[in-house]
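Open the model in your viewer and keep the selection panel handy. We will go from stop to stop, picking residues as we go.

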Amino acid sequence: MRPDPQAARQPAPPSPRVFAARRAVGARIQAARFHANLTREGLAERAGLDCRSVNRIERRHASPIVDNLVRIADALGVPLRDLV
């Protein structure tokens with residue numbers, strides 16, 4: 001029996017450490033957004049992102065790419081290191 005080529009391409013599920021880091025980043029973004037008195041929609045507009053993307057990041061359902069983290073940090077007026 002030949003191995004399924006699709007099965008070989010699927011990434012491994014994130015480790016607990018990755019989930020913990022994702023939660024921490026989402027919580028920091030949310031706290032900085034509250035501090036800046038912004039809605040998710042307002043942050044998304046300032047950062048040039050889709051509101052659904054901001055929502056998924058804050059709710060820890062998605063891992064943001066570095067480009068989006070930089071945009072979010074700039075939109076919030078905080079250093080990137082404060083979010084990660």
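By class, the residues lining the largest pocket are 7 nonpolar, 1 polar and 2 charged. To see this lining in your predicted model, select V18, A21, R22, A24, V25, R28, S63, P64, L69 and V84. The volume of the pocket is about 190 Å³.

Next, select L83 and show what surrounds it. Beyond its neighbours within four places in sequence, L83 is in contact with V25, R28, I29, A32, L69, I72, A73, L76 and V78. Keep V25, R28 and L69 on screen for a moment: they are among these contacts of L83, and they also line the largest pocket.

Now move to the largest nonpolar core, a set of 16 residues. Select I29, L43, I72, L76 and L83, the residues with the most contacts inside this core. Then colour α2 (16–35), α3 (40–47), α4 (51–58) and α5 (66–76), the elements that each give two or more residues to the core. The largest share, 5 residues, comes from α5.

Finally, zoom out and switch to a cartoon view. The chain has 6 helices and 0 strands. Its radius of gyration is 16 Å, well over the 12 Å that the globule rule gives for 84 residues, so the chain is more spread out than a compact globule. If you colour by burial, buried residues make up 27% of the 84 in the chain.

Notes. Residues are numbered from 1 along each chain as its sequence is written. This is a predicted model: local features need pLDDT of at least 70, side-chain atom pairs count only at pLDDT 80 or more; totals for chains, interfaces and linings use all residues. Side-chain values use heavy atoms; hydrogens and water are left out. A nonpolar core is a set of buried Ala, Val, Leu, Ile, Met, Phe, Trp, Tyr and Cys residues joined through side-chain atoms within 4.5 Å. Buried means under 20% relative accessible area, exposed over 50%, partly exposed in between (1.4 Å probe, protein chains only). Helices (H or I, at least four residues) and strands (E, at least two) are DSSP runs, numbered from the N terminus. Contact means heavy atoms within 4.5 Å. On a 1 Å grid over the protein atoms alone, a cavity is a set of points where a 1.4 Å probe fits but cannot get out, and a pocket is an open set with protein on both sides within 12 Å along at least five of seven lines; lining residues have an atom within 4 Å of a point. Grid points are joined across faces, edges and corners, and a volume is the space filled by probe spheres set on the points. Ala, Val, Leu, Ile, Met, Phe, Trp, Tyr, Cys and Pro count as nonpolar, Asp, Glu, Lys and Arg as charged, and the others, Gly among them, as polar. The radius of gyration is taken over C-alpha atoms; the globule rule is 2.2 Å times the number of residues to the power 0.38.
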